[in-house]
Amino acid sequence: MKRLLHTLLLPAALFAWSASAQAQDAQTQGITDTEVKVGAFGPFGGPAYLFGKIAMNGIEVVFDKVNAEGGINGRKLVLIREDDSCRAEGAIAAVKKLVYDEKVFALIGGACSNSTLAARAEIEKAGVPFILNSATSDAITTPVARNIFTSQITASVESRAQVDFAIARGAKKIAVVAMKDAWGMSRYTPLMKYLDEKGIKLVANLELSPDASDATPQALQLKAAGADAVILLLYPKPAAIMVRDATKLAFDPIWIGQSTINDLKAFNAQVGMPGALKNFASITSTKFDPSDPAIAAWNDRLKARFPNDEISPFNMYGLGSAQVFVEALKLAGRDLTRDKFLAALGQLKNFKSDAYFGPITCNAPTDHQCNRTPGWFAWKDDKLVTLD
Amino acid sequence: MLLRLTSPMAAGIALFALLFAAPLLGANEYYSYILNLMMIHVIVTVGLNLVMGHAGQLVFANAAIFGIGAYGTALLMKHFGLPFWLCLPLGAMLAVSIGLALVFPALRLSGIYLALATLAFAQCALWVMVHWTPVTFGAGGFTIPAVSFAPLPISPDMGMYYLAWAVCALLVVLARNIVRSRIGRAFVALSDNEISAQSLGIDLLRYKAAAFGLSSLFAGIAGGLFAGTLRFVGPESFDLHQMILQLVAVVLGGIGSLAGSVIGGVLIVVVLEFTKATKMSVEIVFGGLLLVFVLFAKGGLVVFIRRFLPSWNETLHASPAPRSKAP
Amino acid sequence: MKTQDMMIFGYLMATGLTTGALYALVAIGVVVVFRATGVVNFAHGEMFMIGGFLAWTAHVMFGLPFLVAFAAAVAGTFVLGIITYQTTFRPLASTGNQNAILLAMVGLSFVLKGIARDLWGGRGDYLSFPPLVSPTPVDIFGFMIMSQQLIVLGAAIAVMIGFWLFFRFTRAGKFMQATADNTKAARLVGLRVDRVFMLTFAVGAAIAGAAATLMAPLTLLYPDVGFSLFVKGFAAAALGGLGSIPGAIVGGFLLGVTEQLSANYIATGLQEVAAFILIFLVMIFIPNGLFGTAARRRV
């Protein structure tokens, strides 16, 4: 009986011991005099790989450039990638592996809203600094967790911007077409809240499936409701089908997209109807103009480093977050600890990256959503133009 | 009782001893999480194999039933603030009651018809999880607080680990007794030929209900443990990916073998982590495993084990499977 | 207001019929295989998906004429059908174990999806396929309809007539028909039944390839397109009784119209789940479908 008791209490004792040891080590975990280990998690394949693998390519080229210039305070940056398959169980596994097995100093990434949200408790518990770069769900960063920041525009910022855009363009009858999946809901909920605040009643509130190959019922209802502006909480594919089927009915409102519809050239081809995008505007969180010399230089580096992957706007998601990470690491100084890094990151003011449309400002400890500047752009005469 | 070292029983005891000891021997949080997922998948696989292997009913709804168990458990905690130890059995009961409803199509359908009807049911269940927002919180999923095991001096993660360990061990023993009982023999008769089973006096409704109910019970309990371990529930955890994972687990270990279910449940988690670490396509690896094992190793890995270990004395109930499948 | 309601209803019917034609084309492939072999090709959607990507590769990537791309997709999926037969049906048919055949097909469908993702998935979210005809909609009795949808409608009718001719007038078609009607008898009179089965799988897949090329401009191409279309095709086929080609066509149209009407008059969210509800209900209440033969249960 006594032995049994010992066996049962042993785990508890061991954990108490290892927990105290971990707390001391955690501050400097993943740091040596010559390197800093950083973990990235996101999907490598599947429909969401753009937010994962392709964004990680962006992180990698920033780290490569920093390392070629001698690193930060003599430390080279090492990126360790982990596949989370865009699934809750996968993201928790990836985070645990990076933190407890690879023993990284910090995390960058988080592609899918649900999986990252599922991993939030684990990240918070581990106290590992985390810069979120793709998933837009507000719930990952609100309520504020001491060690979690985002450099991506959040869903609520975008949803508010969509409504404001409609109002600014003089729309009187606003309608919404939304996907009701995790991604769609993370935008739909703040959108409804903001419409409520503004006292705006929607003339139509419709759903379209991500797999839809037809949107005629939706187009008919929008037209019958006489909507003059339609907010699209849709991925590019269903959005293209929505716009196509509305154009078919000669229904031509102001279409208001969001940041996933960021390759307007491809989008125009997917819609496949001449002139369909003449009243279409969408949000971008990143710069997109390939004639911008900074962007062109990064695109060349990406092409050289990852010849088999396409150059995509989603590279910029990783690139921008990596530049934010590097900036905070510089500010944290030589005697690096997690606390010092978090303090530096939390105080970041007006940091201008090559990737983001607007400046990055973190207002720790009250607000860890560091990117609040959506850019508006459209497709005019076969090229991208910025709207004011 | 003398145990031969290479009997399934001895191997099982050794496995569970190892699982018990792993965190004590210094497995870090990542490894204990992976082991935890393994035990959950062992439970699901053992249950699925009862209905698919022993009773020969091809059901594609098990991933959804697993999800209903997870949702049931977590939603009761979320909406009513009930403690986990109460929500887990209640969530499992919900899974069982919905699983039992599938008996009615199963009485009329078999083979491909049953598979596709249950697949359609599973997709409808996912649709409800996504669209019944006031209750299920929709596609965005929801989090639940860490399960406290106070006054035991044990962290929530470790508490879930040892709870999963105990439940898994208990359910494996339960399954072993079922397989050896009259019910187990009736399942096999059922899978052989329903009409001749009926002529042997086997009540079709009763035993199909038993098969579906048991597999749903296992899946429901596993789902509850899954929710407690992840502390997050969202619909995409129970989609086609989860379905193929479970099918591969059954086929990999051995259709109709309890030892095989345990092996399969453990292995799919290992294979999944390995696949991700080596950047291979999860779809190709798991689809390929299913294809290759169905084609070339129908009895699964237990057949190989039996070939090399003559003392491996499990009686297999691999069903020769139904022949004619007109509805 | 009354006329506007009529107008909307008319549109829904028109769109239901054109999307229904799309589902019918997928369903025909499912039915051809089922009639002959008694199994549902779970990987049928992946035949469709790969056919579409093959056509895209030929037409968009290499700039070959559309007819060449069409031929490439049909030929490619024909071969894929043979591969499906060789890897799933042939090795397992003799065991009579339908569950094993279906599991093998599930495995194959995931492998094909994974391969497609590796080959074509890394080029952006969705690939667009330029429409064959002018994208401007045409006006039919006051309804604006996409010309591409008319092409799919026409193609569905053409394929249906083509198959009727094939089964009626060609040797291969007659063999397939005979085997489907009575496998044992066909074997007895010396038909090489396994050859006929192989041809059936190949032809079923080729229909998917042809359908994919015609529909790609409407559905757009992505690796997951197969499963959702398979489900709709299967729902249409099940509604028609699984064994009947006219049944599949009627089933396709019914599903298309049901989706449109339920989306418009009940909730737009129902559009995606209508097919699943239909499968479940048909399977339980009318497992022989609207056109199926009486149930046979053999001991």
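Good morning. Between chain B and chain C, about 4300 Å² of area is buried, and carbon and sulfur atoms give 73% of that figure; buried area here is the accessible area (1.4 Å probe) that two parts lose on being put together, summed over both. On the side of chain B, the residues that lose the most area to chain C are Ile112(B), Leu116(B) and Glu283(B), together 15% of what that side buries.

A word on the basis of these values. This is a predicted model, in which local features need pLDDT of at least 70 and side-chain atom pairs count only at pLDDT 80 or more, while totals for chains, interfaces and linings use all residues. Residues are numbered from 1 along each chain as its sequence is written, chains are lettered from A and ligands numbered from 1 in the order in which they are written, and side-chain values use heavy atoms, with hydrogens and water left out.

Let me stay with chains B and C. Contact, meaning heavy atoms within 4.5 Å, involves 49 residues of chain B and 50 residues of chain C. The rule finds 1 salt bridge across this interface, a salt bridge being a side-chain nitrogen of Lys or Arg within 4 Å of a carboxyl oxygen of Asp or Glu.

Which element gives the most to the side of chain B that touches chain C? It is α6(B), with 13 residues; helices (H or I, at least four residues) and strands (E, at least two) are DSSP runs, numbered from the N terminus. By class, this side has 34 nonpolar, 9 polar and 6 charged residues. In that division Ala, Val, Leu, Ile, Met, Phe, Trp, Tyr, Cys and Pro count as nonpolar, Asp, Glu, Lys and Arg as charged, and the others, Gly among them, as polar.

I turn now to chains B and A. Their contact takes 34 residues from chain B and 31 residues from chain A. The area buried is about 2800 Å², with 61% from carbon and sulfur atoms. Glu29(B), Tyr30(B) and Lys276(B) supply 21% of the area that chain B buries against chain A, more than any other three residues.

How many salt bridges does the rule find across the interface of chain B and chain A? There are 5. In the pair of Asp157(B) and Lys96(A), the closest N and O atoms are 3.2 Å apart. Several elements give two or more residues to this side of chain B, including α2 (29–54), α8 (156–180) and α13 (258–277). The most comes from α2(B), with 5 residues. This side of chain B divides into 16 nonpolar, 10 polar and 8 charged residues.

Finally, the disulfides. The whole structure holds 2 (cysteine sulfur atoms within 2.5 Å). In chain A, Cys86(A) and Cys112(A) have their sulfur atoms 1.8 Å apart. The torsion about their S-S bond is about -110 degrees, so this disulfide is left-handed. Cys86(A) lies in the loop between β2 and α3 of chain A and Cys112(A) in the loop between β3 and α4, so the pair ties together parts that are 26 residues apart in sequence. The sulfur atoms of Cys362(A) and Cys370(A) are 2.1 Å apart, and that link is right-handed, with 115 degrees about the S-S bond. Both Cys362(A) and Cys370(A) are buried, a term that means under 20% relative accessible area, with exposed being over 50% and partly exposed in between (1.4 Å probe, protein chains only).
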